[in-house]
Amino acid sequence: MMSKLEKTYLDYAATTPLDPRVLAVMQPFFNEKYGNPSSVHTLGQQAEAAVETARETLASLLNCSPMEIFFTSCGSESDNLALRGTAFAARQIRKATHILISPVEHDAISFTAKQLAHVFGFELEYLPVNEYGQVTAESVKAHLREDTAVVSVMFANNEIGSINPIREIGKICREKNIPFHTDAVQAAAHLSIDTSDLNVDLLSLGAHKLYGPKGIGALYIRQGTPILPAQTGGGQEKNMRAGTSNVAFIVGQSEAFRLGKDEQHINHDHIIPLRDKLIKNVLAKIPDVKLTGHPEDRLPNHASFVFKNVDGNELLMMLDNAGFACSSGSACKTGNPEPSEVLNAIGLSREWGLGSLRVTLGKHTTEEDISRFLEILPQLISDNRSMRGF
Ligand SMILES: *Cc1c(COP(=O)(O)O)cnc(C)c1O
């Protein structure tokens, strides 16, 4: 039996360990190069140069101008700024108050949209999704209105892994000149993002799903997109986001993205066969199981299931005791005894939806990890069902 400390980590969609090479480039900015990038003196200029170099790096990876990159404190903040900022600007400039989002967004979007509706008087409408939780361009076209303030559809779903047709959705929005935002926090850890080819106006990023530090993010804002800042104060980030720049983390984030792109193929070649082996065996070995999310259009490291008549939270604890760190749906929803919004949106009944399991792999996952996981899971599922009288 493994001790609790030697857990096998299969929860890379919740967060990832910091790459030591990222830590190494961050380190000098805590004590040697500690200047404030807004200061005029040399130490300040040194910090400013580091921030601007990090901006250029990220911009070149995303194929956009450095002017279009805005650093934030996390993926959630990027989502907040994108949605609230464009909604307020649209209302001010063209009296548009209709907001369109998918029903499977991360809480950082869905709760922001609900607040805009309940507190600030916007009209919130949800786009339909298919059984895999995907939005189609046709349905965006059917729901888009003259007075739509902003459309937000996530790139890839954190809970069930499905990837949306962002380029096609963006095309529809651009034809009507309506700002389109995508939450790419999960997608950017695994897929190449080319903003010049995606028809997006705003795109959220975060570093910690990609072996970067927690507590840093970025927002791409296409030049000319009407948006109001959410945080006012000093003129940092071209007046879009006040606050002394988190230099070390900004530098670390860009290094994480640089390494991620450089090593994407190596990581895919390693992870995809393991992920496929996991999915194939779980579906073959365990009765009453379904894969959630799209079988092919899904994140390369992502496997997610529902088991009929299983208590997902109980299962997580049993897995934890057996030495495996997994998740049921999104990390933020752990402890909630109701099926997640995402599982409700894809039409699963309660007897299925309560038994969800998300297994997400990373570059440190080994063949042996997956074999051991597959050895114990069928028994744990069977025990869990027995405990509940099934
Ligand atoms: C993790 C995540 C976020 C939030 O990012 P933080 O940096 O943790 O705030 C937003 N959206 C998606 C899809 C995510 O996976």
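## Working through a predicted model

Leaving aside neighbours within four places in sequence, Thr 148 is in contact with Arg 94, Ala 96, His 98, Leu 100, His 143 and Ile 178. Keep in mind that this is a predicted model.

**Exercise 1. Work out the setting of Thr 148: which strand holds Thr 148, and is Thr 148 buried or exposed?**

Step one: find the element. Thr 148 sits in strand β5, which covers residues 148-152.

Step two: check the accessibility. Buried means under 20% relative accessible area. Thr 148 comes out at 0%, so it counts as buried.

Step three: look at what the side chain is doing. A polar atom of the Thr 148 side chain lies 2.8 Å from the backbone nitrogen of Arg 145.

**Exercise 2. Now take Ala 96, one of the contacts of Thr 148. Where is Ala 96 found, and which residues does Ala 96 touch?**

Ala 96 is in the loop between α4 (75-94) and β3 (98-101).

Step two: accessibility again. Ala 96 has a relative accessible area of 0%, so it is buried.

Step three: list the partners. Skip residues up to four places away in sequence, and Ala 96 touches Ala 87, Ala 90, Arg 91, Phe 122, Asp 147, Thr 148 and Ala 149.

Ile 178 is 82 residues from Ala 96, and their C-alpha atoms are separated by 10.0 Å.

**Exercise 3. Stay with helix α4 and look at Leu 81. Is Leu 81 buried or exposed?**

Step one: the relative accessible area of Leu 81 is 2%, so Leu 81 is buried.

Step two: see who is around.

**Exercise 4. Describe helix α8 and how α3 packs against α8. How many residues of α8 are buried?**

Step one: size up the helix. α8 (residues 247-262) has 16 residues and spans 23 Å from first C-alpha to last, close to the 22 Å expected.

Step two: count the burial. 13 of the 16 residues are buried, so α8 is largely enclosed by the rest of the structure.

Step three: get the geometry. α3 (residues 42-62) packs with α8 at an angle of about 30°, their axes 9 Å apart. That makes the two helices, α3 and α8, roughly parallel.

The α3 and α8 crossing is left-handed. Residues making the contact include Ala 47, Ala 50 and Leu 58 of α3, and Ile 250, Ser 254 and Phe 257 of α8.

Methods: Residues numbered from 1 in each chain as written. Predicted model: local features only at pLDDT ≥ 70, side-chain atom pairs only at ≥ 80, totals over all residues. Heavy atoms only, no water. Helix = DSSP H or I, 4+ residues; strand = E, 2+ residues; numbered from the N terminus. Buried < 20%, exposed > 50% of the residue type's maximum accessible area, 1.4 Å probe, protein only. Polar contact = N/O pair within 3.5 Å; in protein donor to acceptor, adjacent residues only side chain to side chain. Contact = heavy atoms within 4.5 Å. Expected span 1.5 Å × (residues − 1). Axes fitted to C-alpha atoms, helices over the stretch in contact; angles between N-to-C directions. Parallel < 35°, antiparallel > 145°, perpendicular 65-115°, else oblique. Left-handed = near helix turned anticlockwise from the far one by under 90°.
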